Amino acid sequence: MATLFVKHAVQDFGRWKSVYDDLGPTRQAMGVTAASVHQDAGNPNMVTVMHQFSTMAAAQAFAGSDELKNAMKNAGLAGAPDVWLTDDVEQTAF
């Protein structure tokens, strides 16, 4: 598995979330198997998103996709996103 993390400031969380939700079918079609959205405890307009994929190739394709770039452009980001990919070594549920 692979995980894509994106952290960015947004101008308005509600506007951003609407664009994020609209991208749901595209995320699924591009191989996202799980996702979560997180707001910074001290700043609700600082958002971190996690997307999991079955392969690193799928994660890289989504991260570089025009669909994601266009969504980010339309979502009202306040600055450049911080994006990173990981190979998932272990996942444990308690």
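Leaving aside its neighbours within four places in sequence, which residues is His8 in contact with? Let's start there. His8 is in contact with Trp16, Asn45, Met46, Val47, Met72, Leu77 and Pro81, where contact means heavy atoms within 4.5 Å. As for its place, His8 sits in strand β1. With a relative accessible area of 3%, His8 is buried. On that scale, buried is under 20% relative accessible area, exposed is over 50%, and partly exposed is in between, using a 1.4 Å probe and protein chains only.

Quick word on what we're looking at. This is a predicted model, where local features need pLDDT of at least 70 and side-chain atom pairs count only at pLDDT 80 or more, while totals for chains, interfaces and linings use all residues. Residues are numbered from 1 along each chain as its sequence is written, and side-chain values use heavy atoms, with hydrogens and water left out.

Okay, the overall layout. The chain has 4 helices and 4 strands, and from the N terminus on they run β-α-α-β-β-α-α-β. Those elements are DSSP runs numbered from the N terminus: helices are H or I with at least four residues, strands are E with at least two.

Now the sheet. It's an open one of 4 strands, in the order β2-β3-β1-β4, with antiparallel pairing. At the edges you find β2 (32-40) and β4 (82-87), each of which pairs on one side only. From one strand to the next, the twist averages 15°. For pairing, DSSP has to find at least two bridges between two strands.

Let's walk through the pairs. Between β2 and strand β3 (residues 43-53) there are 8 bridges, in the antiparallel sense. Looking at individual positions, Ala34 is opposite Gln52 in β3, and Ser36 has Met50 in β3 as its bridge partner. A hairpin takes you from β2 to β3 through 2 residues. On to β1, which is joined to β3 by 8 bridges, and those two run antiparallel. There, Val6 stands opposite Val49 in β3.

If you want a distance across the model, take Ala41 and Thr86: they are 45 residues apart along the chain, and their C-alpha atoms are separated by 24 Å.

What about the helices? Helix α1 lies across β1 (2-9), β2 and β3, and runs at about 15° to β3. Helix α3 (residues 56-63) packs on the sheet too, touching β1, β3 and β4, and its direction makes about 170° with that of β4. For those angles, axes are lines fitted to C-alpha atoms, for helices over the stretch in contact, and the values run from 0 to 180 degrees between N-to-C directions.

Next, charges. How many salt bridges does a search of the whole structure find? The search turns up 1. Here a salt bridge is a side-chain nitrogen of Lys or Arg within 4 Å of a carboxyl oxygen of Asp or Glu. The partners are Asp21 and Lys17, with the closest N and O atoms 2.7 Å apart. Both are in helix α1 (residues 13-22), and because they are 4 residues apart there, about one helical turn separates them. Asp21 is partly exposed at 40% relative accessibility, and Lys17 is partly exposed as well, at 26%.

Last bit: the chain as a whole. A compact globule with 94 residues would have a radius of gyration near 12 Å, so the 13 Å of this chain agrees. That radius is taken over C-alpha atoms, and the globule rule is 2.2 Å times the number of residues to the power 0.38. Along its principal axes, the C-alpha trace spans about 35 × 30 × 20 Å. Of the 94 residues, 30% count as buried. If you take contacts with a separation of 6 or more, residues 24 or more positions apart account for 74% of them. And the surface: the chain exposes about 5,500 Å², with carbon and sulfur atoms supplying 52% of it. Those accessible areas come from the Shrake-Rupley method with a 1.4 Å probe, and for residues only the protein chains shown count as cover.
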